[in-house]
Amino acid sequence: MDFNRYHSKLDTERFGFNIAKINEFNYPIFDMLKSLKSGGYNLIISKVNANNIKLINELEQHGFEIKDIQVTYKFTIPNHSPFLPVVNVKIRNAELSDRNVLFDIAKKSFKDYGHYSADKRLDSEKCNEIYCDWIVRSFDKQVADNILIAEIDGRVAGFLSHKIYQSDNKYAAGGIGAVDPEYKKKNVFQEITIAGINWARENNCEWVEHNVLITNYPVNRSFSGLGFKISNSFVTFHKWLSE
């Protein structure tokens, strides 16, 4: 088996042991587990479509554990008129000098969040560092094409990144976004999401999409309120090969 195909370099370096990411199971599951274990892998992370109940049940039978469930929200740009900006929220592009502020917001916003933190066998501090590292890496164009910042009274209140993809159509996918807890309930996330839609429109994208945990109720409400529609859903599994 070609282990390089599944090897997660970023996760392996972060946690200090071999981690594989497998989202498509093109071989018998038992054979894949046996090969990866003999190849020195400790953990498999998998994201599978929530509609594939047969595969989900097979993974559960082989000891895979659900760690999160997410939905994909899609906003089809040609179907809507441009949104108007809000006076009290200033939107601008991030600069390198913003990195420390965005790092701190991510640190406060993503503590014990997501499928990594749901796995109690992983180092909690390293799990919490993932989102801080993500926003720092987003200044690299290979990770994100933009980072939009929302300011209120000259202070950074939140941020949201995007990456443009080209398949049959051109579209923008949301990366990492967060609002400083101090500015919760001030519609900051809604306004920065609107700015992302307008940015995608200016870049001739057909749609914008975002993934969100089904338990992140405020963000789910924000997307629904802006006219996003759920277009997909998936389940994240962890499987430890030491068991």
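Reader: In this predicted model, which residue of strand 9 does Ile44 stand opposite?
Author: The model is predicted. Ile44 has its counterpart in strand 9, and strand 9 covers residues 229-240. The residue opposite Ile44 is Lys239.

Reader: Do strand 2 and strand 9 run parallel or antiparallel?
Author: Strand 2 and strand 9 are joined by 7 bridges. The direction of this pair is antiparallel.

Reader: How many residues of strand 2 are buried?
Author: Strand 2 spans residues 43-49 and is mostly covered. A residue counts as buried under 20% relative accessible area. Of the 7 residues in strand 2, the number buried is 5.

Reader: Through which helix does the chain cross from strand 1 to strand 2?
Author: The path from strand 1 to strand 2 is a right-handed β-α-β crossover. The helix on that path covers residues 29-38 and is helix 2.

Reader: Why is one side of strand 1 and of strand 4 left without a neighbour in the sheet?
Author: The open sheet has 9 strands with mixed pairing, in the order 1-2-9-3-8-7-6-5-4. Strand 1 and strand 4 (90-93) stand at its edges, so one side of each has no neighbour in the sheet. What each of them has is a single partner strand.

Reader: By what angle are neighbouring strands of this sheet turned against each other on average?
Author: The angle is taken with direction ignored. On average, neighbouring strands are turned by 25°.

Reader: Which residue in strand 8 stands opposite Phe75?
Author: Strand 3 (residues 65-76) and strand 8 (residues 207-213) are antiparallel, with 7 bridges between them. Opposite Phe75, strand 8 has Val208.

Reader: What angle does the direction of helix 8 make with that of strand 8?
Author: Helix 8, residues 217-225, packs on the sheet and touches strand 3 and strand 8. Its direction and that of strand 8 make an angle of about 155°.

Reader: Are helix 4 and helix 6 roughly parallel or roughly antiparallel?
Author: Helix 4 (residues 99-109) and helix 6 (residues 124-137) pack at about 150°, with axes 8 Å apart. Angles over 145 degrees count as roughly antiparallel. The two helices are therefore roughly antiparallel.

Reader: Which residues in helix 6 do Leu102, Phe103, Ala106 and Lys107 meet?
Author: Helix 4 passes helix 6 in a right-handed crossing. Leu102, Phe103, Ala106 and Lys107 belong to helix 4. In helix 6 they meet Tyr131, Cys132, Ile135 and Val136.

Technical notes: Residues numbered from 1 in each chain as written. Predicted model: local features only at pLDDT ≥ 70, side-chain atom pairs only at ≥ 80, totals over all residues. Heavy atoms only, no water. Buried < 20%, exposed > 50% of the residue type's maximum accessible area, 1.4 Å probe, protein only. Helix = DSSP H or I, 4+ residues; strand = E, 2+ residues; numbered from the N terminus. Right-handed = clockwise from strand over helix to strand, strands pointing away. Pairing = 2+ DSSP bridges. Axes fitted to C-alpha atoms, helices over the stretch in contact; angles between N-to-C directions. Parallel < 35°, antiparallel > 145°, perpendicular 65-115°, else oblique. Left-handed = near helix turned anticlockwise from the far one by under 90°. Contact = heavy atoms within 4.5 Å.
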